[in-house]
Amino acid sequence: MSGNGGAATTAEENGSKMRVIRVGTRKSQLARIQTDTVVAMLKALYPGIQFEIIAMSTTGDKILDTALSKIGEKSLFTKELENALEKNEVDLVVHSLKDVPTILPPGFTIGAICKRENPCDAVVFHPKFIGKTLETLPEKSAVGTSSLRRVAQLQRKFPNLEFKSIRGNLNTRLRKLDELQEFSAIVLAVAGLQRMGWQNRVGQILHPEECMYAVGQGALAVEVRAKDQDILDLVSVLHDPETLLRCIAERAFLRHLEGGCSVPVAVHTVMKDGQLYLTGGVWSLDGSDSMQETMQATIQVPVQQEDGPEDDPQLVGITARNIPRGAQLAAENLGISLASLLLNKGAKNILDVARQLNDVR
């Protein structure tokens with residue numbers, strides 16, 4: 001790990017000093033591609049600043065023999081990066097938003113949420129099953145995924161298939177699919193496959209009516225120190241207003257449900273004609289019991305001057321002073337209202353049973 005302990009260093013270039021911003025990332029190829037994308041946007045905006053990328057391994061990268069839902073740590077892919085932020089070894093870090101807990105440790109905030117890519121899931125098939133779909137796979141075919149959310153929804157729709165855990169980064173999972181005879185197909189996020197340039201491996205896209213996606217899936221988040229106003233201002237221009245408001249609603253829904261990767265919770269959001277539509281659902285582990293509802297709120301996708309620095313409390317871990325506060329609160333209230341509706345209809349029992357069963361599996 002590099003860095004001299006100061007918040008943003010300087011480097012000599014052509015006899016003049018350039019400011020250096022240090023960017024933390026996970027070591028996987030996908031994480032590096034995602035970080036390179038964010039850094040390229042920042043370089044275009046700030047040509048006079050040099051960006052240095054510092055890669056590190058996280059707990060989630062190291063524990064590969066256990067399902068994520070069984071590990072019990074909420075910040076599997078973020079903790080080591082946050083430690084580096086806290087020690088001033090990096091100035092900002094780039095995450096997949098779906099990996100970021102809805103409650104951040106004190107002193108940190110999400111300073112930017114970039115424009116979302118396709119948030120849906122995709123099915124990638126073993127070469128001998130190219131051209132198939134989940135509907136047409138042979139009876140008892142093994143489908144790999146480490147997500148309780150995917151298993152609960154897909155097992156309900158495809159009881160003839162067997163869903164098995166598969167861990168590792170995208171490269172590892174594709175290699176396991178292609179080289180071992182263990183899986184007929186695996187389920188991955190469309191966005192990750194697109195960022196890796198592997199669109200040609202997508203055999204089937206699972207639309208929300210087939211399988212709703214994870215909270216924040218497809219969006220990138222930039223996390224910074226909450227009191228580092230300089231860096232906050234620097235990255236805040238990356239906020240995509242529509243993505244931000246959709247993700248605030250999704251994260252508020254998940255937080256109010258007290259959900260996480262140990263229970264099957266999924267969402268679908270659409271912004272249309274000033275209305276934000278949020279569909280959220282909870283499932284039992286085997287998908288036999290479920291509950292989902294849709295609500296909407298009027299939210300204009302905004303353009304507004306920044307508020308003063310005293311007006312930027314976080315919402316679900318996100319600071320966005322350049323987006324009107326009223327729009328953010330409306331999105332948060334939508335998520336809370338939908339979660340409350342499901343809880344009032346008995347969702348807590350479904351989630352409690354799912355947690356208990358996951359603990360003993």
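## Starting with a word: contact

Contact means that heavy atoms lie within 4.5 Å. Keep that in mind as you look at His126, whose contacts, leaving out residues up to four places away in sequence, are Leu177, Asp178, Leu180, Gln181, Phe183, Ser184 and Ala185. Please also remember that the structure above is a predicted model.

Where does His126 lie? You will find this histidine in the loop between β6 and β7. Is His126 buried or exposed? Its relative accessible area is 7%, and because buried means under 20%, His126 counts as buried.

In soluble globular proteins, nonpolar side chains tend to be buried together.

The largest nonpolar core in this model has 68 residues. The members that touch the most other members are Leu97, Ile110, Ile113, Ile186, Phe253, Val265 and Val282. Which helix gives the most to this core? That is α9, covering residues 241-257, with nine residues. Both domain 1 (21-118 + 215-360) and domain 2 (121-205) supply at least three residues to this core. Another core, of 19 residues, lies apart from it, and its members include Val39, Phe51, Val94 and Leu234.

Let us zoom in on Ile186. Setting aside residues up to four places away in sequence, Ile186 touches Ala122, Val123, Val124, Gly144, Ile166, Arg173, Leu174 and Leu177. Leu177 is also one of the residues that His126 touches.

## A sheet of five strands

Next, find the open sheet whose five strands follow the order β8-β7-β9-β6-β10, with mixed pairing. Why is one side of β8 (162-164) and of β10 (204-206) left without a neighbour in the sheet? These two strands stand at the edges, so each has a single partner strand. From one strand to the next, the twist averages 30°.

Inside this sheet, β6 and strand β9 (residues 185-189) run antiparallel and are joined by five bridges. Helix α6 (residues 170-179) lies across β6 and β9 and runs at about 160° to β9.

## A sheet of three strands

Now turn to an open sheet of three strands, ordered β12-β13-β14 and paired in antiparallel fashion. Its edge strands are β12 (265-272) and β14 (290-298), each of which pairs on one side only. On average, and ignoring direction, neighbouring strands here are turned by 15° against each other.

How many bridges pair strand β13 (residues 275-283) with β14? The antiparallel pairing of these two runs over nine bridges. Trp283 gives you a landmark, standing opposite Ser290 in β14. Helix α5 (residues 148-157) packs on this sheet too, touching β12, β13 and β14, and its direction makes about 90° with that of β12. Helix α10 (residues 325-344) also packs here, where it touches β13 and β14 at about 150° to the direction of β14.

## Stops in the loops

Asn88 sits in the loop between α4 (79-86) and β4 (92-96). Lys140 sits in the loop between β6 (121-125) and β7 (142-144).

How accessible are they? Asn88 is partly exposed, with a relative accessible area of 21%, while Lys140 counts as exposed at 55%.

Pro105 belongs to the loop between β4 and β5 (108-113). Its relative accessible area of 32% makes it partly exposed. Pro105 and Glu82 are 23 residues apart along the chain, and their C-alpha atoms are separated by 8.7 Å.

## Cysteines without bonds

How many disulfides does the structure hold? The number is zero. Take Cys120, where the nearest cysteine sulfur, belonging to Cys211, is 8.9 Å away. A disulfide needs two cysteine sulfur atoms within 2.5 Å, and Cys120 is in no disulfide.

Cys120 is buried, at 7% relative accessibility. Cys114 is buried as well, at 4%.

Technical notes: Residues numbered from 1 in each chain as written. Predicted model: local features only at pLDDT ≥ 70, side-chain atom pairs only at ≥ 80, totals over all residues. Heavy atoms only, no water. Core = buried A, V, L, I, M, F, W, Y, C linked by side-chain atoms within 4.5 Å. Buried < 20%, exposed > 50% of the residue type's maximum accessible area, 1.4 Å probe, protein only. Helix = DSSP H or I, 4+ residues; strand = E, 2+ residues; numbered from the N terminus. Domains from an automatic or database assignment. Pairing = 2+ DSSP bridges. Axes fitted to C-alpha atoms, helices over the stretch in contact; angles between N-to-C directions.
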